[in-house]
Amino acid sequence: MSTAAATHDDHHDHHHAPTGLKRWLFSTNHKDIGTLYLWFSFAMFLVGGFMAMVIRAELLEPGMQFVDPEFFNQMTTVHGLVMVFGAVMPATVGLANWMIPLMIGAPDMALPRMNNWSFWILPFAFGILIFAVLMSAFGAGNPSAPNFGWTFYAPLSTKYGPASTDLFILSVHMMGISSIMGAINVVVTVFNMRAPGMTLMKMPLFVWTWLITAFLLIAVIPVLAGAVTMMLTDRHFGTSFFDAAGGGDPVLFQHVFWFFGHPEVYIMILPSFGIVSAIIPAFARKPLFGYASMVYATASIALLSFVVWAHHMFTVGMPLAGTLFFMYMTMLISVPTGVKVFNWVATMWRGSLTFELPMKWAIAFVILFTCGGLSGLMLAITPVDFQYHDTYFVVAHFHYVLVTGAIFSIFAAAYYWLPKWSGVMPSKLLGELHFWNSLISANLLFFPMHFVGLAGMPRRYADYALQFADYNFWISIGGFWFGLSQVIFLIVAIRCAMKKGEPAPAKPWDGAEGLEWEVPSPAPFHTFDTPPVIK
Amino acid sequence: MSDNQPLSVEERNKRTLKKLVIWAVAMFGFAFLMVPFYNVICDITGLNGKTSSTAATQAPEKVVADRTVTVEFITQRGDGISGEFTSETKRVKVHPGEITLVHFYATNPTGSDMVTQSIPSVTPGEAARYLHKTQCFCFDQQTLAAGERKDMPMIFYLDPEIPRHINQFTLSYTIFDVTERVAGKNNSVAVN
């Protein structure tokens, strides 16, 4: 599982890294840790994807076929948790680990040992969570895995939560510690490790978006930790934060959760903005249009994300002034987001476009993320949200921004930087197959969800009314197709890791800019021991 | 590597690390600060429909005879309640400022004494701050002896200042068995 294994023959006299398992367990090298993060997140993507397949198999036809509703609920819950915390977030942390030091001309991340720790917590965190699912699937007695939805609203997760909720709480705490440490590392690296001359406003946008993401993480992951701690004490230590019988309020949970939860959705998408801001100029052969406005737009999105949380809970019964405030603030976010989309399109405008794999994914990102953004704007309108709330329309919205948004951009990043990571070009044929199959199947999978949602099909049920049968059949077909398409990427990645393919030059994309292309491909184990000269 | 810097990179890294850790810990604290903050906001705005948990001591200033507001009462049984809990009056039309008495009752068909706590909630929430109770069974825990049927009166008046657009609201009570909680035991968690 090494993309950097062949770099051992690189002659650096102070290079005495251990080999084999120890190399990975004790690694303090940002490239190795980045590789670990990326493989881990892809493994979690497949695990979470398998759960999605169970969900879509059950929903292929109306009525109950494969799993009982109780297990279905566990699948929706753990699918969400694994994809959010196990697939998307670690993938972007992996990209940050690999690319940020290369992009700013630093020899490594600022806190390499903490870097090692923040990765190695993750397999244990998800081991605990998946253990709960395995116990439920093959369980002795009747243990249920967490079954309250990934948002774990009280009192479903407190008073009515299964015993495995405590495993879930421990798991979330560990994921949180990992994320916070990863974020701290990024901030310290960006602030203190930049090569001389690399001023903040010269940094590539990927570094900027990750810096802002890191600040969001440090601000809100502790709030998530607070929420699960309150759950824990409510469950076992007699407190009543969310328990009405003891004077608490379950709605408080939703406020605390979404105070974390809304910045969290930007944590997942901001690094994607950075990725496409790197890729589009490279294949349009033009500098990014409006660099400074991109930085300010990203910062505004991050700031606004703290004052929109209640748009997830319009139906709890808020005063009119409250709903209006959150509605307008939410709509305001479309302004900086619109600036970004405009800048990407303006970068492509009259550029010498070529459509290599990373560019294909990046363009698909821009178009489909905008679709997801538009349905988000519809959801922001309070009175219509009352109709859309908790329907498949919401499911369609957040899968457009997370799958065809965040995950497509992560694939774009993978195809863009795989030559740098592995030293070989990813297979063009397989890459094309992966892209076109994913693109068509993802739209078959998620687009009809808008229609069934508007027609009133609620989320999170194992069954549905008969009139939704045809749409759901095709949604499920799209789901299986999309799931299988990802196996193609597994082959692409394994081939690169095994160095099968055309050797990559130091700069495989002729329009690409940035320090990462000044080091050879694959990137040597140690880079920028002497800081590069910034023009 | 950066020998020309007044502080070494390691030194600067440590400083930044320290600041960021403090920030993370502060945000963990902020999550808990949100609890009292939420309660204060709710008290001011009636956000969550909670009525005051203390008795109103002031008499209403006046009775607004030209307005009537319909107050509806609904009751729910929380966990551990097997007996009846209901209000004898289902709805009442009152003038703002008029003092009104309604009766609720609860039964305990079990063989042992039970401590109960009733939790009020008003829908729409904005009416909550205009509802003043001079006496309510919800202010204290009510002990129901084994087999007892207990009458639980509630006396209230509406603030004469209640906005014109509120001409109807619902007051809901949920009764909970808090015997174990009072006995100092932890809230037991249902395991399914």
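Predicted model: local features only at pLDDT ≥ 70, side-chain atom pairs only at ≥ 80, totals over all residues.
Start by selecting B:Ser8, which sits in the segment before helix H1 (9–45) of chain B. Helices (H or I, at least four residues) and strands (E, at least two) are DSSP runs, numbered from the N terminus.

Residues are numbered from 1 along each chain as its sequence is written, and chains are lettered from A and ligands numbered from 1 in the order in which they are written.

Next, colour chain B by domain. Domain 1 covers 1–45 and domain 2 covers 69–182; such bounds come from an automatic or database domain assignment. Taken over C-alpha atoms, the centres of the two domains of chain B are 44 Å apart.

Stay in chain B and show the strands. One open sheet has five of them, in the order S3-S1-S9-S5-S7, with mixed pairing. (Two strands pair if DSSP finds at least two bridges between them.) Strand S3 (91–94) and S7 of chain B are at the edges with a single partner strand each, so one side of each has no neighbour in the sheet. From one strand to the next, the twist averages 30 degrees; axes here are lines fitted to C-alpha atoms, for helices over the stretch in contact, and angles run from 0 to 180 degrees between N-to-C directions.

Zoom in on strand S5 (residues 114–123) of chain B. Seven of its 10 residues are buried, so S5 is largely enclosed by the rest of the structure. Eight bridges tie S5(B) to strand S9 (residues 168–177) of chain B, running antiparallel. Click B:Thr116: opposite is B:Asp177 in S9(B), and in S7(B) its bridge partner is B:Gln142.

Then find the other open sheet: four strands of chain B in the order S2-S4-S8-S6, paired antiparallel. Here the twist averages 25 degrees from one strand to the next. S6(B) and strand S8 (residues 149–158) of chain B are joined by five bridges; one pair to pick out is B:His132 with B:Tyr157 in S8(B).

Over to the nonpolar cores. A core is a set of buried Ala, Val, Leu, Ile, Met, Phe, Trp, Tyr and Cys residues joined through C-beta atoms within 7 Å. The largest has 187 residues, and A:Trp361 is among the members that touch the most others. H7(A) gives the most to this core, 23 residues. Select A:Trp361 and look for its contacts (C-beta atoms, placed from the backbone, within 7 Å). Leaving out residues up to four places away in sequence, they include A:Phe408, A:Tyr415 and A:Phe435.

Last stop: where the chains meet. How many residues does each chain bring to the contact? Chain A brings 40 and chain B brings 38. On the chain A side, helices H5 (165–192), H6 (205–236) and H7 (250–284) each give two or more residues, and H6(A) gives the most, with nine.

Note on methods
Contact = placed C-beta atoms within 7 Å. Buried ≥ 20, exposed ≤ 12 C-beta atoms within 10 Å, placed from the backbone.
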